[in-house]
Amino acid sequence: MWQFAFGGLLAIVIDRIRLQAQSRFILGYVGLILIITVGFVLDGADLFPGLWALWPLLGFALVLISAPDKVEELPHRWSAPKVLSNRLFDWIGDHAYGLYLWHWPLLIFYLAVRDREAVGIRGALVIFAGTVVLSILMHKFVEEPLGRLGRVKQGLRLNWWFITAGVTVAAMGAVIALSQVPQGQSRTVSTLEFDVETYPGALTVTSGVDAEPETPIPELEALADSHPDAFYRGCQQTHGENPGSDEIEVCDDPDKPENPTAKVVLAGGSHAVHWEVPVRILGQEFGWEVLVVSKPACVFKKHENSQTPMCDSWNDNFMTWAEENEVDLVITPGTRVNAPESSESVTGGAPERWQEITNTGADLLLMRGTPRTATDPGECLAEGNSADECGAVVGDLANANPIEQITLADGAETIDMSEYVCPTVQDGENAICSAVIGNVIVRYDGSHMPTEYTRTL
């Protein structure tokens, strides 16, 4: 809130300043430059809120100072106030509240519907166009009518601007909150049940179970929402390099046994989290306490001069956390598989971090990576393509597990589940991993498995 206090102080100072016209002219353009350049020079996601917010605030203050001292004085035709008074900026000023208000819920909805972590150029244009249209409609049919009501002199007078703002902000808050709530069936382990005779999934590989072809599950409309529990609980660390995103966040075990036989932790990026359902089921059977400690797109690695300092710091903090919490077993991805050629590799610096995990006293289980598709399987299937056409190329998964070529520390093991995610893995690098196995869709996006399929594992 210090920005508001600073703004109020500026208003008092500006009211006391009296400058020559030439000085005001120069200061106005200095202010404009500060305002315009802030988005090109500073990374707002990392630096705001913070002291760097003074940059645009100072620019705004200089523009205010450049205005004439007296209301009856006209600003110079090329002064900053005059330039900012043209029709374009006047329109932006009229619709600024709507533009500010609508862009965020539209962004949240777009990311949720598209199951994306970031917006591309096309998505940004769609959100921008929708924001402009909604702000125009709100200005015409809400702000202007309520503004006129607020100016009526007869009878009880209400501050319609504050009422409009309050109601609209409350509505938008509800919209944003609801957009975070998973819709459709519950994804918790205890309620995720279906007929395995009709939808055997991986059982067709592990147990030779066969089933007549059926419309696969999850339904295509619900596929993008088929995430493990941790995705919805808000207990994962945030993606990216924002300050503070190196702190350890823990998804606790909602079914923690009274006397756990072991503390098992799924840790690392999202490719650790999509094993949550089968690990929790095993935990319930064997009395484990199962925790999820993750930061999306942050794998265990140790690099010097890294471009991801928050991820590296998160790695360091995890080691301290694992030691302090006496973790018995850490389960994490061991290899990374890239689309479309399905090339497989061990991330540089990963073995050094694996050694650090075992040094904390925990055992370590390294999961071999799963194949990735070049396209979104849900969209591909919705277009009427076959399961093979929407699948992935076997690629390097046809070869030996790269982790087996590494000398692992005592207490570290690797497991290869690729044949249960891609039954054709032994048929050579050009074989296709089907998008559907046992009437269950294998991936909800290009690389992550839905809870229905991991349940069958």
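## Strand β8 and E413

Strands here are DSSP runs of type E with at least two residues, numbered from the N terminus. In this predicted model, strand β8 covers residues 412–415 and contains E413.

E413 has a relative accessible area of 53%. Exposed means over 50%, so E413 counts as exposed. E413 also belongs to a charged group on the surface. Together with E326, D328 and D363, E413 forms a negative surface patch.

Is A431 buried or exposed? A431 is buried, because its relative accessibility is 14% and the cut-off for buried is under 20%. A431 is found in a loop. That loop runs between α17 (418–421) and β9 (432–433).

Which residues does A431 touch, leaving aside neighbours within four places in sequence? The contacts are A392, V393, V394 and T424. V393 lies 38 residues from A431 along the chain.

## The protein overall

The protein has 457 residues, and 39% of them count as buried. Its secondary structure comes to 18 helices and eleven strands.

Among contacts with a separation of 6 or more, 74% join residues 24 or more positions apart. The accessible surface is about 25,100 Å². Carbon and sulfur atoms account for 59% of that surface.

Note on methods
Residues are numbered from 1 along each chain as its sequence is written. This is a predicted model: local features need pLDDT of at least 70, side-chain atom pairs count only at pLDDT 80 or more; totals for chains, interfaces and linings use all residues. Side-chain values use heavy atoms; hydrogens and water are left out. Patches are made of residues with over 30% relative accessible area and no salt bridge: like charges are joined within 9 Å, nonpolar side chains (Val, Leu, Ile, Met, Phe, Trp, Tyr) within 5 Å. Accessible areas come from the Shrake-Rupley method with a 1.4 Å probe; for residues, only the protein chains shown count as cover. A salt bridge is a side-chain nitrogen of Lys or Arg within 4 Å of a carboxyl oxygen of Asp or Glu. Lys and Arg count as positive and Asp and Glu as negative; His and the chain ends are not counted. The place of a charge is taken as NZ of Lys, CZ of Arg, CG of Asp or CD of Glu. Helices (H or I, at least four residues) and strands (E, at least two) are DSSP runs, numbered from the N terminus. Buried means under 20% relative accessible area, exposed over 50%, partly exposed in between (1.4 Å probe, protein chains only). Contact means heavy atoms within 4.5 Å.
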